[in-house]
Amino acid sequence: MHVWAVANQKGGVGKTTTAVNLGALLAEQGKRVLLFDLDPQGSMTAYFKYNPDELQHSSYDLFCHKGQIPEYLPQQIIVDTPHAGLQLLPASTALATLERNISQQDGMGLVVSKTLALLWDDFDYVLIDSPPLLGVLMINALAACARLLIPVQTEYLALKGLERMVHTLDMVMKSRQKSFQYLIIPTMFDRRTQASLKCLRMLKQDYDDKVWNSMIPVDTKLRDASKEGLAINAIDPNSRAAQKYRSLLETLQNGGG
Ligand SMILES: Nc1ncnc2c1ncn2[C@@H]1O[C@H](COP(=O)(O)OP(=O)(O)O)[C@@H](O)[C@H]1O
Ligand SMILES: [Mg+2]
């Protein structure tokens, strides 16, 4: 099982879009893929037309067992998506209460790792959509993943946010004595604007081989796809964004980044 997390403390940078589209492309390859929604906003859950305010079972349930997760529980929560081979472990807005209520309890940082141990034979890939806050949920995602993807919008303000994210990562790696590979993914790149071009150059300068050597362009087809509740490969497999997500996946599967 390959476990990848998508994280950035900034919202609206393409985290959910990246997780959904990479997941659907993996499923297209015949892989068994789980999209794991750990974001209290539940955008990934809403993407597939499930309501994070009304779900009977969600990733929240995993945190309600003092770290002893019943074996049947993960499969009880998992739901289908319209893509064959692509399933979803949905989030509910109740996740937002966890930071206050359980973050002090022992073992709460390993709930996702323990959940994935129970699903080890059921999936080839797991993509975790992380919340934009450094708290117990993000710690869970970082503890469970072998690799981290950090989407960054190619605009100046996003670079500031990235500095914070990388600092957070260093802190977590030190305190957990765990290291993982991370890859920065420039997103929403608009080649007509100087700001995008300049930002891409700065990213490469500051983060060097930690930056994917290509980028995801601005493509309104991604928004069209999300309205339909489908990944872009089901809407327009030859669109620029679909092609770029395919090439990103290739990089990741070849161990790059
Ligand atoms: N490359 C892109 N081009 C155009 N729109 C995009 C692109 N990536 C994401 N979006 C849109 O931007 C919004 C925010 O993206 P999202 O993936 O939800 O960000 P995050 O999960 O980081 O908050 C969504 O409406 C999404 O459809
Ligand atoms: Mg999101």
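Q: Is Gln 105 buried, partly exposed or exposed?
A: Buried means under 20% relative accessible area, exposed over 50%, and partly exposed in between (1.4 Å probe, protein chains only). Gln 105 has 33% relative accessibility, so Gln 105 counts as partly exposed. This is a predicted model: local features need pLDDT of at least 70, side-chain atom pairs count only at pLDDT 80 or more, and totals for chains, interfaces and linings use all residues. Residues are numbered from 1 along each chain as its sequence is written, chains are lettered from A and ligands numbered from 1 in the order in which they are written, and side-chain values use heavy atoms, with hydrogens and water left out.

Q: Where is the place of Gln 105?
A: Look in the loop between helix H4 (98-101) and helix H5 (111-118). Helices are DSSP runs (H or I, at least four residues), numbered from the N terminus. Gln 105 and Lys 66 are 39 residues apart in sequence, yet 7.8 Å apart in space, C-alpha to C-alpha.

Q: Which backbone atoms lie 3.0 Å from an oxygen atom of ligand 1?
A: A polar contact is a pair of N or O atoms within 3.5 Å. A polar backbone atom of Gly 14 is 3.0 Å from a ligand oxygen. A polar backbone atom of Lys 15 is also 3.0 Å from a ligand oxygen. For Asp 219, a polar backbone atom is 2.9 Å from a nitrogen atom of ligand 1.

Q: What is the phi of Lys 49?
A: Lys 49 has a positive phi of about 70°, although it is not a glycine. Lys 49 lies in the loop between helix H2 (43-47) and helix H3 (73-77). Its relative accessibility is 56%, so Lys 49 counts as exposed.

Q: How many disulfides does a search of the whole structure find?
A: A disulfide is a covalent bond between the sulfur atoms of two cysteines. The cut-off is a pair of cysteine sulfur atoms within 2.5 Å. The search finds zero disulfides here. Cys 199 is buried, at 2% relative accessible area, whereas Cys 64 is partly exposed at 42%.

Key
A polar contact is a pair of N or O atoms within 3.5 Å; within protein, one must be able to donate a hydrogen and the other to accept it, and residues adjacent in sequence count only if both atoms are side-chain atoms. Helices (H or I, at least four residues) and strands (E, at least two) are DSSP runs, numbered from the N terminus.
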